[in-house]
Amino acid sequence: MARMSRQMRDAMQELERRGATILEAPKSLSEVRIILRDLGPRRVGGHYIGGYYQQAYTVTQITIEGYRWSITIERDGRTVTHSTAWNYRRDREIL
């Protein structure tokens, strides 16, 4: 098994800190960085407002499978899974 670089290890630990379920690890640091960029600040248990519909939601699961990722949210009593990237101009975290 190949050794993991310190940067890769740190990036993977960041995904784990956010509560991500990692079914298959991304193969490269670039893949992890893209996933982290797309997730924005989202983490399991976090509360956010989506910029498009201006609706509050809670993240219930983040799943990583190689370079693919999905996020499961609960909004208005409904559960939805998608891979919509964080919009840094319109989305926001509820602190």
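This report walks through the fold of a predicted protein model and then looks at a few of its residues.

Residues are numbered from 1 along each chain as its sequence is written. Because the model is predicted, local features need pLDDT of at least 70 and side-chain atom pairs count only at pLDDT 80 or more, while totals for chains, interfaces and linings use all residues; side-chain values use heavy atoms, with hydrogens and water left out.

## The overall picture

The protein has two helices and six strands, and from the N terminus on they run α-β-α-β-β-β-β-β. Helices (H or I, at least four residues) and strands (E, at least two) are DSSP runs, numbered from the N terminus.

The C-alpha trace spans about 45 × 25 × 20 Å along its principal axes.

Of the 95 residues, 36% count as buried. Here, buried means under 20% relative accessible area, exposed means over 50%, and partly exposed is in between (1.4 Å probe, protein chains only). The protein exposes about 6400 Å², and carbon and sulfur atoms supply 48% of that area. Accessible areas come from the Shrake-Rupley method with a 1.4 Å probe; for residues, only the protein chains shown count as cover.

A contact means heavy atoms within 4.5 Å.

Helix H2 covers residues 29-39, and its buried residues are Leu-29, Val-32, Ile-35, Leu-36, Asp-38 and Leu-39. The buried residues of H2 pack against helix H1 (6-17), strand E3 (56-65) and E4. Just after H2, Gly-40 takes a positive phi of about 65°.

Glu-31 also sits in H2, but this residue is partly exposed, with a relative accessible area of 23%. Leaving aside neighbours within four places in sequence, Glu-31 is in contact with Pro-26, Gly-66 and Tyr-67.

Pro-26 lies in the loop between strand E1 (21-24) and H2, and at 5% relative accessibility it counts as buried. Beyond its neighbours within four places in sequence, Pro-26 has contacts that include Met-8, Met-12, Val-32 and Ile-64.

## Pairs separated in sequence

| Pair | Apart along the chain | C-alpha separation |
|---|---|---|
| Pro-26 and Tyr-67 | 41 residues | 5.2 Å |
| Glu-31 and Tyr-67 | 36 residues | 5.6 Å |
| Leu-95 and Gly-46 | 49 residues | 8.5 Å |
| Ser-5 and Leu-29 | 24 residues | 8.6 Å |

Ser-5 is in the segment before H1 and is partly exposed, at 38% relative accessible area. Leu-95 lies in the segment after strand E6 (92-93) and is exposed, with a relative accessible area of 93%.

## A buried threonine

Is Thr-72 buried or exposed? Thr-72 is buried, with a relative accessible area of 10%. Its place is in strand E4 (residues 68-75). Not counting residues up to four places away in sequence, Thr-72 touches Thr-58, Val-59, Thr-60, Gln-61, Thr-79, Val-80 and Thr-81. The side chains of Thr-72 and Thr-81 are joined by a polar contact of 2.9 Å. A polar contact is a pair of N or O atoms within 3.5 Å; within protein, one must be able to donate a hydrogen and the other to accept it, and residues adjacent in sequence count only if both atoms are side-chain atoms.

## Positive phi in the loops

Most residues other than glycine have a negative phi. Which way does phi go at Gln-54, positive or negative? Gln-54 has a positive phi of about 55° although it is not a glycine. Gln-54 lies in the loop between strand E2 (47-49) and E3 and is partly exposed, at 48% relative accessible area.

Asp-76 is not a glycine either, and has a positive phi of about 55°. Its place is in the loop between E4 and strand E5 (78-82), where Asp-76 is exposed, with a relative accessible area of 62%.
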